[in-house]
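Dear colleague,

I am handing over the structure we discussed, and my notes on it follow below. Please read them alongside the coordinates.

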Amino acid sequence: MSKITVVKNILDANDRIAEENRKIFDKEKIYVLNLMSSPGAGKTSIVERTITALQGKYKIGVIEGDIQGSADAERIAKLGVPVVQINTGGACHIDGNMIREALPGLDLTQTDLLIAENVGNLVCPAEFKIGENVKVMVLSTPEGSDKPAKYPLMFQQSEAMIINKIDLLPYVDFDMAKAKKDALTLNRNLKIFEVSCKTSAGLKDWFDWLSGRIESFRSK
Amino acid sequence: MHELSIIRSILDIIEEYAEEYRFSKVKSMKISFGRLSCIDPQVLEFTFDIQSTGTKAEGAALEFDIKPIIIHCFSCEKDVELEQYAAECPQCKGSEVLLAGGTEEIQLLEIDVD
């Protein structure tokens, strides 16, 4: 009987695949956005609005992660951009390997911005890298301002947070100041956008920020 | 159910080590993670029991080293350990705080083998 010291990140295998994906994306100069939120927060609406705003400027591709079905991919396909649907078949997140397997479905030489819409879940997607440049999360006002305190990892891991459905603020008990403060306690560099996909309020700031990120990535 | 992905990765790591260190059975293993990393030890054990059947790790005991939730309070100028996460210092009630620990990534620290 003996003890073996291991000290290994258990998700190393996934991290390695994510790094390999990253190398492919770097070679093709593709900026990758990993978009995460709970179900129904408005990820697909944000993807749609982002495509409409930026498709004149960048060639955009989308990977849709869902447990099953292709409803979201069909919404995106209507906008005339290439989209690949991943069905995780029960898994609550997309991981590096799922992205790797989805890549042959996209023409990478014709992609500047790849948006990966993760499975709706505030827990697991935060842990699995996919080879992204940036992790962005969406929190919608009907979900409540207690979410940063309940799901800290997601807020800590994201670089930006889009607070969606601000048009519903008069009808829901969402304490904007508390949500922002609690999120910033977890991640003091978190960039926060307050938007409504319904009224378009605040979306321009998000588009400008994302464009800025893409530009600085491309100029490297 | 990210516990499933985690357990599969652990079993892969054990297979790698079994080849290198030539052991046939894992008796126990030590796993660490931050309390806020959204990992449920009971779900992990349950998943492990099912997934490890027929592997060298079948029947192994899981030992958890769970890192505490720590916030840094800028008013008290110190780190404070919390039972439950809140964006408030339990001592001075101040809200100028920053999360300083508790989201450590899951690691396999040690395996005890035969």
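How many bridges join strand β3 of chain B to strand β4 of chain B, and do these strands run parallel or antiparallel? Strand β3 (residues 69-73) and strand β4 (residues 78-82) of chain B run antiparallel and are joined by 5 bridges, where strands are DSSP runs of E of at least two residues, and helices runs of H or I of at least four, numbered from the N terminus, and two strands pair if DSSP finds at least two bridges between them.

This is a predicted model, in which local features need pLDDT of at least 70 and side-chain atom pairs count only at pLDDT 80 or more, while totals for chains, interfaces and linings use all residues. Residues are numbered from 1 along each chain as its sequence is written, and chains are lettered from A and ligands numbered from 1 in the order in which they are written.

Within this pairing, Ile70(B) has Glu81(B) as its bridge partner in β4(B). The two strands form a hairpin with 4 residues between them, and Glu77(B) in the turn has a positive phi of about 55 degrees.

Elsewhere in chain B, Lys27(B) lies in strand β1 (residues 26-34), and its C-alpha atom is separated by 34 Å from that of Tyr85(B), 58 residues apart along the chain.

Turning to chain A, its secondary structure comes to 8 helices and 8 strands. The C-alpha trace of chain A spans about 60 × 50 × 35 Å along its principal axes.

Kind regards
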